[in-house]
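Dear colleague,

Please find the structure below, handed over for your own work. My notes on what was found in it follow.

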Amino acid sequence: MVINQTSNTINNELDNKKKPESVAGIAHIRTEDLNLWFSDKHVLVDVNIPIYDKKVTALIGPSGCGKSTLLRCFNRMNDLIPEAKIKGKVLLNEENIYEPKTDITRVRTKVGMVFQRPNPFPKTIYNNIAYGLRVRGEKKKNIDEVVENSLKNAWLWDEVKDRLNASAMSLSGGQQQRLCIARALANDPDIILLDEPTSALDPQSTSRIEELCLELKNKVTILIVTHNIAQAGRISDYTAFMYLGEMVEFEKTKKMFTVPKDKRTEAYLSGVFG
Ligand SMILES: Nc1ncnc2c1ncn2[C@@H]1O[C@H](COP(=O)(O)OP(=O)(O)OP(=O)(O)O)[C@@H](O)[C@H]1O
Ligand SMILES: [Mg+2]
């Protein structure tokens with residue numbers, strides 16, 4: 001979660017043309033002319049986006065515009081799709097994660113992911129979090145501590161502390177989603193990617209996750225895909241609008257929502273298409 005001075009300096013020296021206007025700060029992760037094809041279908045087109053440290057960035061755009069694909073580029077999840085071809089860079093703390101020497105497991109630890117449908121392991125609540133830590137060779141005492149802290153940070157501890165050995169499947173959808181967030185937090189990530197994390201949840205569970213994002217951004221950088229414009233308005237500092245694989249506009253949320261620069265952003269925000 002620490003950005004060193006070097007990356008700060010490099011970031012400040014970036015080509016101004018690539019830096020979105022009226023946006024300042026340190027890009028924790030950013031892309032440089034990122035392109036992706038699924039076979040011969042060009043799905044991401046010259047995408048340049050900074051994801052700022054300890055901020056919430058919302059990624060919005062019509063269905064099929066490439067939001068999930070872009071998210072998956074940030075922790076090399078597209079590597080699992082044989083027909084995917086990638087060109088360009090994804091810089092995590094100014095290191096290109098697509099270099100051959102990259103330790104992909106480490107990238108996936110540092111860049112955690114939470115999906116649309118809660119996907120806990122069919123294990124106990126405790127073991128959902130402990131599993132990864134055990135694989136990494138952590139000691140039992142440390143594991144107990146990390147499990148407790150992760151559940152506390154995901155605002156789930158009070159609800160589950162008396163039944164840590166119950167199956168994760170016995171939790172409600174909203175609780176399962178917070179368990180998945182706790183599981184990601186247990187790795188001490190720099191960034192958490194959330195792909196429509198509340199679209200399968202009821203309004204009350206949704207607002208808990210939204211409040212949780214606002215709290216978590218003190219500790220981690222958050223990138224959230226949402227179809228809910230009001231949600232983006234409530235929780236994000238920055239918004240990125242994508243259309244047909246292009247990054248049309250990136251701006252402070254308040255500014256984009258009041259005076260969008262591009263006609264397509266304006267149309268999307270006013271519900272003309274989507
Ligand atoms: N594994 C794949 N193989 C081939 N094409 C794919 C694959 N995954 C996604 N696509 C295509 O890439 C494009 C972008 O898909 P993506 O899932 O990133 O969109 P999205 O913006 O997340 O949409 P939604 O809002 O519906 O989730 C779509 O045209 C989709 O059909
Ligand atoms: Mg998607």
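**Helix packing**

Helix H4 (residues 125–135) packs against helix H7 at an angle of about 25 degrees, and their axes are 9 Å apart. H4 is therefore roughly parallel to H7, a label given to angles under 35 degrees, whereas those over 145 count as roughly antiparallel, 65 to 115 as roughly perpendicular and the rest as oblique. Axes here are lines fitted to C-alpha atoms, for helices over the stretch in contact, with angles running from 0 to 180 degrees between N-to-C directions. Helices (H or I, at least four residues) and strands (E, at least two) are DSSP runs, numbered from the N terminus.

The model is predicted: local features need pLDDT of at least 70 and side-chain atom pairs count only at pLDDT 80 or more, while totals for chains, interfaces and linings use all residues. Residues are numbered from 1 along each chain as its sequence is written, and chains are lettered from A and ligands numbered from 1 in the order in which they are written.

On the H4 side the contact is made by Ile125, Asn128 and Ile129, and on the H7 side by Leu179, Ala182 and Arg183; two residues are in contact if their C-beta atoms, placed from the backbone, lie within 7 Å. By class, this contact of H4 with H7 has 4 nonpolar residues, 1 polar and 1 charged. Ala, Val, Leu, Ile, Met, Phe, Trp, Tyr, Cys and Pro count as nonpolar, Asp, Glu, Lys and Arg as charged, and the others, Gly among them, as polar.

H7 (residues 173–185) also packs with helix H8 (residues 203–216), at an angle of about 20 degrees and with the axes 9 Å apart. H7 is therefore roughly parallel to H8, and their crossing is right-handed. H7 contributes Gly173, Gly174, Gln177, Arg178 and Ile181 to the contact, and H8 contributes Ser205, Arg208, Ile209 and Leu212. The contact of H7 with H8 divides into 3 nonpolar, 4 polar and 2 charged residues.

**Individual loop residues**

Ser236 lies in the loop between helix H9 (229–235) and strand E10 (238–243). Ser236 is buried because 27 C-beta neighbours lie inside 10 Å; the cut-off for buried is 20 or more other C-beta atoms within 10 Å, for exposed 12 or fewer, with partly exposed in between, and C-beta atoms are placed from the backbone. Not counting residues up to four places away in sequence, Ser236 touches Val56, Thr57, Ala58 and Thr253.

Asn93, in the loop between strands E5 (84–92) and E6 (95–96), has phi near 50 degrees, a positive value in a residue other than glycine. Asn93 counts as buried, with 21 C-beta neighbours inside 10 Å.

Yours sincerely

Definitions and conventions. Left-handed = near helix turned anticlockwise from the far one by under 90°.
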